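Please open the structure in a viewer and follow the stops below in order. Each stop names a selection and then describes what is found there.

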Amino acid sequence: MARAGLVTRSDIAPGVSSSVPAARALVQAGKLADAAALLAKATDDSAAQFLLSQVAQRKGDFDGMLTAARRALQLDESNWDSRFRFLECHLYCGRADVVRAKLLAFESDASDQHATLARLAEFHVHCLDHEGAMRCLDMALHLSPDNANYLFSRAASELALGNIDRAEKSLDRVIELRPADCDAWRNRSTLRRRTAADSTIGGIEAQLRRVTPGTAGEAQLYYALAKELEDIGEFADSFVALKRGADVRRGLLSYRVEHDLEVMQELRRTFTAEQ
């Protein structure tokens, strides 16, 4: 669950007396080794150890990454940024066992924080523990029952557990709350074979009239439409919708053969036979 760039801890105010601002400047200048050396001296600074774990990761020093993440958490065990960083680092190194153990301990502290519970659910999913994800999402939805993002995630875990009917009900609610959610329409269409009596073709077509042309959402809606048309035996119309979705998807691809050639030429110039 590595993130791009360096994540700023939310509890660090600008201008604090810390090695962190100076280290960030070194990172921006590309001087990772100098930044790591500076941060390594701040062994009692949780924020510095948090940043050190990120710098170590960028350097490919994964043992150092884990050590710094553990130290950051030890210094400030109640800080959620440090907790999430600890989980990210161990997941990155394949230590799902450590992540699972910590997740159980963290859940009780987040019982009144729906966004935090939803984040913990993501870690459960990465550990292939969909029951744990469901537990966290159910608690999150108890606090924020109309959150479409939580319902969408809940549907995914329900599906992973084989609970098709429950997954469909969650997606029904997502679409009710957020009709423009094209992914929800697409996902729901794949759950089962529909009949003419319970088809949602009309709803899909209504969204196609509203969606921005040439977008990924339009492609998803056409794929959903193709699936439901196939379900009711309208094969010719289904193929037309499928082709339209594929055409939209193809139009979104930015692949250029020339770019690959440029990369290969640069590799040949950089790595000679001697190197």
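## A pair of packed helices

In this predicted model, begin by selecting helix α4, residues 62-75, together with helix α5, residues 80-92; the two pack with their axes 9 Å apart and at an angle of about 155°. Because angles over 145 degrees count as roughly antiparallel, α4 and α5 are therefore described as roughly antiparallel to each other. The crossing of α4 past α5 is left-handed.

Next, display the side chains where these helices meet. On α4, select Phe62, Met65, Leu66, Ala69, Arg70, Ala72 and Leu73. On α5, the contact is formed by Ser82, Arg83, Arg85, Phe86, Cys89, His90 and Tyr92. Coloured by residue class, the contact of α4 with α5 shows nine nonpolar, two polar and three charged residues.

## The whole chain

The chain contains 15 helices and zero strands. Along the principal axes, its C-alpha atoms fill a box of roughly 70 × 55 × 35 Å. The radius of gyration of the chain is 24 Å, whereas a compact globule of 275 residues would have one near 19 Å.

## Confidence along the chain

Finally, colour the chain by pLDDT. The mean value for the chain is 91, and 92% of the residues reach 70 or more. Select residues 1-5, where the pLDDT is below 50; in the model this stretch has nine contacts beyond near neighbours in sequence. Then move to residues 13-17, where the pLDDT is also below 50 and the stretch has one contact beyond near neighbours in sequence.

Note on methods
Residues are numbered from 1 along each chain as its sequence is written. This is a predicted model: local features need pLDDT of at least 70, side-chain atom pairs count only at pLDDT 80 or more; totals for chains, interfaces and linings use all residues. Side-chain values use heavy atoms; hydrogens and water are left out. pLDDT is the predictor's confidence in each residue, from 0 to 100. Contact means heavy atoms within 4.5 Å. Axes are lines fitted to C-alpha atoms, for helices over the stretch in contact, and angles run from 0 to 180 degrees between N-to-C directions. Helices (H or I, at least four residues) and strands (E, at least two) are DSSP runs, numbered from the N terminus. Angles under 35 degrees count as roughly parallel, over 145 as roughly antiparallel, 65 to 115 as roughly perpendicular and the rest as oblique. A crossing is left-handed if the near helix is turned anticlockwise from the far one by less than a right angle, and right-handed if clockwise. Ala, Val, Leu, Ile, Met, Phe, Trp, Tyr, Cys and Pro count as nonpolar, Asp, Glu, Lys and Arg as charged, and the others, Gly among them, as polar. The radius of gyration is taken over C-alpha atoms; the globule rule is 2.2 Å times the number of residues to the power 0.38.
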